[in-house]
Amino acid sequence: MRKLVVLSFLTLDGVMQAPGGPEEDPTGNFAYGGWVFPYFDDFLGRVMDEQMGNPFDLLLGRRTYEIFAAYWPYVQSADPIATGINSAKKYVASRTLTRLDWGDSELLRGDVAAAVAELKEKDGPDIQVHGSGVLVQTLLQHDLVDELWLKIFPITLGRGKRLFATGAVAAGFELRACRTSPAGVIVASYSRAGGVRPGSFAPEEPSEAELARRRRLQEEEGERSQARWSRE
């Protein structure tokens with residue numbers, strides 16, 4: 001089985017929207033497009049060359065596919081990242097597109113999660129996902145992501161599309177590698193590693209104050225549940 005890897009630029013508060021420029025994805029009145037630019041240096045350039053230096057297939061959502069198709073085919077072929085992206089097989093998850101004009105692109109129809117699971121079973125290079133915030137939620141929800149290759153930037157934006165949003169489920173990951181750029185960008189790679197393993201630092205015999213606190217929490221939760229039920 002080949003791996004599915006999500007590569008994402010992230011802020012400290014988890015925003016992934018429009019890292020490359022103001023016109024990239026202004027949906028939701030997002031005003032901070034291009035937030036990666038001040039931090040991008042030779043260090044990050046080398047990281048991207050490493051991570052995209054081997055053959056790969058691409059899996060993209062409709063919006064990211066359109067962004068890529070309007071940019072990468074027009075970059076000079078001497079750029080190694082452009083060469084890799086333009087030569088990759090592109091799989092596109094979309095309910096609205098009916099044709100794909102970018103070379104070697106294939107539309108995924110119907111159940112996207114099932115289609116991606118089938119793609120992973122086929123022979124071929126690893127599958128990389130860039131951007132594609134809506135699609136990533138589906139991939140996370142169905143536990144189809146094998147690795148996360150993240151670049152975490154020292155900035156918060158407060159609003160915008162997030163990597164771990166509606167699709168995030170409880171899951172464990174193992175840190176495989178971690179580096180920091182001169183500009184303070186954390187480059188971290190994680191692989192999927194089982195489930196969540198909870199524990200407790202509480203003493204075996206809780207104090208009376210702790211027992212009273214737990215009872216209050218249960219009562220408050222009961223009141224909130226009753227309030228929600230009464231509104232429905």
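Contact here means heavy atoms within 4.5 Å. This is a predicted model, where local features need pLDDT of at least 70, side-chain atom pairs count only at pLDDT 80 or more, and totals for chains, interfaces and linings use all residues. Residues are numbered from 1 along each chain as its sequence is written, and side-chain values use heavy atoms, with hydrogens and water left out.

**Lys-120**
- Lys-120 sits in helix α4, residues 112-121 (helices are DSSP runs of H or I, at least four residues; strands are runs of E, at least two; both are numbered from the N terminus).
- Lys-120 counts as buried because its relative accessibility is 5% (buried means under 20% relative accessible area, with a 1.4 Å probe and protein chains only).
- Beyond its neighbours within four places in sequence, Lys-120 touches Met-1, Arg-2, Leu-4, Ile-127, Leu-144 and Asp-146 by the contact cut-off.
- The Lys-120 and Asp-146 side chains make a polar contact at 2.9 Å (a pair of N or O atoms within 3.5 Å, one able to donate a hydrogen and the other to accept it).

**Helix α1**
- Phe-43, Leu-44, Val-47, Met-48 and Gln-51 are buried in α1, residues 42-51.
- Down the α1 axis, these buried residues fall within an arc of 135°, so they line one face (the arc uses directions from the helix axis to the C-beta atoms).
- They pack against β1, α3, β5, β6, β7 and β8.

- Strands β7 (173-180) and β8 (186-192) pair antiparallel over 7 bridges (pairing needs at least two DSSP bridges).
- Phe-173 stands opposite Arg-192 in β8.
- The hairpin has 5 residues between its strands, and Gly-184 in the turn has a positive phi of about 90°.

Definitions and conventions
Buried < 20%, exposed > 50% of the residue type's maximum accessible area, 1.4 Å probe, protein only.
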